[in-house]
Amino acid sequence: MLTAKIYVTLKPDVLDAQGDTVRSALETLGFQGLTDVRVGKFMVLTLNSPTKEQAAAQVDEMCKRLLANPVIEDYRFELEGAAG
Amino acid sequence: MKFGIVVFPGSWSHQDFHHVIVKILKEEACYLWHKEADLHGVDCVILPGGFAHGDYLRAGAIARLSPVMRAVAAFADAGGLVLGSCNGFQILTEAGLLPGALLPNDCLHYRCRWTHLRVESRQTPFTTAMQPGQVVRMPISHGDGRYYIDQAGWKKLVEGDQIIFRYCDAKGTLAKDVNPNGSLDHIAGVCNERRNILGLMPHPERAAEPILGSEDGCLMFASLLDSFVRSPLTTCGDRA
């Protein structure tokens, strides 16, 4: 079984209102030196793929077509475990 | 004129649209369940507000995969009129039928209030009964209404006269404090290049009777009826 850990984040030039609010909350708690906070999505998929390469191609396609919106979001993912 | 109102699990404005079309305009309306692949010969498709599929993942991201959306895309491709309000606008951007995307409001609050909108173009079948620069009043009711598009996309919208409504004050002035969600360039509504698809965050159907505080939404319906009467074949696509 392979596990895909997918990270979806807003593109750097898109204002992250939630991230800004979290930053000011952290500052309220006394944490200093924060220059930026970005909040994104974390998804875990379990796949049954014959090879890691096929799994990677499949997950990339999933991100492009549904899991991330290319107009506003970037994505990256990691594959863990063994194929087959 | 026959309007088809798409209903997704989680739609909530479909009955408001139906009421306005049938009771106020005295025109024909039918509901189109999202699993239907046939549009039943309608002249205009309406994607209403709500929270289709719970807004899971992103507002509109799952709804665009419903079978009815393939039919809506084909209808629009043939020149058919498609209007998306609120969640309908979000669905149209997710489906790639309109440019840009809708992000969570910059204030992070759900905003339910009256807004003033400046009409930027009457060169669409949705705005022929309005005047450029005219200020109309319609309510908004959304959490994810912050319009965003990258610089190149924005330039294309401006050059193509595709920005149809902007948030403004009662006098038509654009200002930060009357932009309810932080939308780029105060954008409240845009159309596609071909100008037969319009998406807007405000609700024309909730501003179509004096008892509701505004009848300005009727201008949009009047425009649609007018466009349909003048050129049903060019505005309504191939319904064969």
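Trainee: In this predicted model, where is Cys86(B) found?
Mentor: The model is predicted, so local features are read only where pLDDT is at least 70. Look in chain B, at the loop between strand S4 (81-85) and H3. That loop is the place of Cys86(B).

Trainee: Is Cys86(B) buried or exposed?
Mentor: The cut-off for buried is under 20% relative accessible area. Cys86(B) has 3% relative accessibility, so Cys86(B) counts as buried.

Trainee: What is the phi of Cys86(B)?
Mentor: Most residues other than glycine have a negative phi. Cys86(B) has a positive value, and Cys86(B) is a residue other than glycine. The phi is near 60°.

Trainee: Where does His40(B) lie, and what is its phi?
Mentor: His40(B) sits in the chain B loop between strand S2 (28-33) and strand S3 (44-47). At 41% relative accessibility, His40(B) is partly exposed. Its phi is positive too, in a residue other than glycine. The value is near 55°.

Trainee: How many disulfides does a search of the whole structure find?
Mentor: A disulfide needs two cysteine sulfur atoms within 2.5 Å. Take Cys168(B): the nearest cysteine sulfur is that of Cys191(B), 18 Å away, and Cys168(B) is in no disulfide. The search covers all chains. The count is zero.

Trainee: Is Cys168(B) buried or exposed?
Mentor: Buried means under 20% relative accessible area. Cys168(B) has a relative accessible area of 3%, so Cys168(B) is buried.

Trainee: How many of the residues of H3(B) are buried?
Mentor: Go through the helix. Asn87(B), Gly88(B), Phe89(B) and Gln90(B) are among the buried residues. Ile91(B), Leu92(B), Thr93(B) and Glu94(B) are buried as well. H3(B) is therefore largely enclosed by the rest of the structure, and the count is eight of the eight.

Trainee: What is the volume of the largest pocket, and how many residues line it?
Mentor: The volume is about 440 Å³. Leu10(A), Lys41(A), Glu73(A), Leu103(B) and Pro104(B) lie nearest the centre of this pocket. The number of lining residues is 26.

Trainee: Which elements each supply at least two residues of that lining?
Mentor: Both chains take part. Chain A brings strand S1 (2-10) and helix H1 (17-28). Chain B brings helix H3 (87-94) and strand S5 (101-103).

Trainee: How many nonpolar, polar and charged residues are in the lining of the largest pocket?
Mentor: Sort the lining by class. The charged residues number eight and the polar ones six. The nonpolar residues number twelve.

Trainee: Is Ser121(B) buried or exposed?
Mentor: Ser121(B) is in the chain B loop between strand S6 (111-119) and strand S7 (135-142). Its relative accessible area is 1%, so Ser121(B) is buried.

Trainee: Which backbone nitrogen does the side chain of Asp106(B) reach?
Mentor: Asp106(B) is in the chain B loop between S5 and S6. At 31% relative accessibility, Asp106(B) counts as partly exposed. Its contacts beyond four places in sequence include Leu15(A), Ala17(A) and Arg146(B). At 3.5 Å, its side chain reaches the backbone nitrogen of Gly182(B).

Trainee: How far apart in space are Gly79(B) and Asp43(B), C-alpha to C-alpha?
Mentor: Gly79(B) sits in the chain B loop between helix H2 (67-77) and S4. At 4% relative accessibility, Gly79(B) counts as buried. Gly79(B) and Asp43(B) are 36 residues apart in sequence. In space they are 10 Å apart.

Trainee: What separates the C-alpha atoms of Gly81(A) and Thr3(A)?
Mentor: Gly81(A) belongs to strand S3 (residues 73-81) of chain A. Beyond four places in sequence, Gly81(A) touches Met1(A), Leu2(A) and Lys52(A). Gly81(A) and Thr3(A) are 78 residues apart along the chain. Their C-alpha atoms are separated by 6.3 Å.

Terms used:
Residues numbered from 1 in each chain as written. Chains lettered and ligands numbered in written order. Predicted model: local features only at pLDDT ≥ 70, side-chain atom pairs only at ≥ 80, totals over all residues. Heavy atoms only, no water. Buried < 20%, exposed > 50% of the residue type's maximum accessible area, 1.4 Å probe, protein only. 1 Å grid on protein atoms, 1.4 Å probe; cavity = no way out; pocket = protein on both sides within 12 Å on 5 of 7 lines; lining within 4 Å. Points joined across faces, edges and corners; volume = space filled by probe spheres on them. Helix = DSSP H or I, 4+ residues; strand = E, 2+ residues; numbered from the N terminus. Nonpolar A, V, L, I, M, F, W, Y, C, P; charged D, E, K, R; others polar. Contact = heavy atoms within 4.5 Å. Polar contact = N/O pair within 3.5 Å; in protein donor to acceptor, adjacent residues only side chain to side chain.
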